[in-house]
Amino acid sequence: KNLTERRTVVITFRVYVDNIVACEKRFEVELLPKNQWGGESHMPELLGAFVTPNTDYTNYLLKKSSKLLDKYYGDSRIDGYQSNDRKRPWQFAAALWSVISQEDITYCQPPASFATGGQKIRLSHDIAKNGLSTCLDTALLFASCLEQAGLNPIVVLLDGHALVGLWLI
């Protein structure tokens with residue numbers, strides 16, 4: 001719960017037969033704080049765990065996006081894929097992009113960490129509070145909003161960069 005940096009622990013399993021150790025196995029386990037992603041070499045699929053749609057900040061961004069949808073398209077609904085028209089998800093993504101771009105978020109290096117792989121992730125409440133974000137943090141924020149809107153995001157990792165897309169249908 002209070003882990004703030006990566007920590008390696010040893011777990012030992014022992015099997016006793018008549019109070020005598022019949023078998024013993026030791027395993028080194030790497031523990032990561034809740035905001036630490038292990039990187040591409042350590043179960044990259046866990047990156048999806050940092051897509052957090054149910055936060056106050058994602059809801060705030062969706063509400064602002066809804067107002068832009070109403071202003072430019074005359075329809076404020078955030079209805080995922082219900083329209084069965086690829087234009088609607090595109091319109092929402094465009095509105096969301098405009099809203100996030102206006103949030104005065106400053107690009108910043110990842111939070112300091114003693115880990116050698118992956119990086120610490122600034123979650124949406126951290127971005128809202130401090131206005132700092134890496135490209136990966138911002139991609140995950142965007143993906144969180146898309147998911148909260150009922151859309152299917154895709155986070156893409158490139159060498160030294162991250163971006164987000166979405167299914168239109």
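Q: What do buried and exposed mean for a residue?
A: A residue is buried when its relative accessible area is under 20%, and exposed when that area is over 50%. The structure discussed here is a predicted model.

Q: Is Trp167 buried or exposed, then?
A: Trp167 has a relative accessibility of 51%, so it counts as exposed.

Q: Where does Trp167 lie, and what is it in contact with?
A: Trp167 is in the segment after β8 (161-166). Apart from neighbours within four places in sequence, it is in contact with Tyr81, Pro89, Asn152 and Ile154.

Q: How far apart are Trp167 and Lys67?
A: They are separated by 100 residues in sequence and by 22 Å in space, C-alpha to C-alpha.

Q: On to the helices. At what angle do α2 and α4 pack?
A: Helix α2 (residues 87-101) packs with helix α4 (residues 135-148) at about 135°, and their axes are 11 Å apart. That angle makes α2 oblique to α4.

Q: Which residues make that contact?
A: From α2 they are Phe92, Ala93, Leu96, Trp97 and Ile100. From α4 they are Leu141, Phe142, Cys145 and Leu146. By class, the contact has 9 nonpolar residues, no polar ones and no charged ones.

Q: And α1, how many residues does it have?
A: Helix α1 (residues 56-73) has 18 residues and reaches 25 Å from its first C-alpha to its last, close to the expected 26 Å.

Q: Which residues of α1 are buried, and what do they pack against?
A: Tyr57, Thr58, Leu61, Leu62, Ser65, Ser66, Leu68 and Leu69 are buried. The buried residues of α1 pack against α2, α3 (124-130) and α4.

Q: What follows α1?
A: Gly74 follows α1, and its phi is positive, near 70°.

Methods. Residues are numbered from 1 along each chain as its sequence is written. This is a predicted model: local features need pLDDT of at least 70, side-chain atom pairs count only at pLDDT 80 or more; totals for chains, interfaces and linings use all residues. Side-chain values use heavy atoms; hydrogens and water are left out. Axes are lines fitted to C-alpha atoms, for helices over the stretch in contact, and angles run from 0 to 180 degrees between N-to-C directions. Helices (H or I, at least four residues) and strands (E, at least two) are DSSP runs, numbered from the N terminus. Angles under 35 degrees count as roughly parallel, over 145 as roughly antiparallel, 65 to 115 as roughly perpendicular and the rest as oblique. Contact means heavy atoms within 4.5 Å. Ala, Val, Leu, Ile, Met, Phe, Trp, Tyr, Cys and Pro count as nonpolar, Asp, Glu, Lys and Arg as charged, and the others, Gly among them, as polar. Buried means under 20% relative accessible area, exposed over 50%, partly exposed in between (1.4 Å probe, protein chains only). The expected span of a helix is 1.5 Å times one less than its number of residues.
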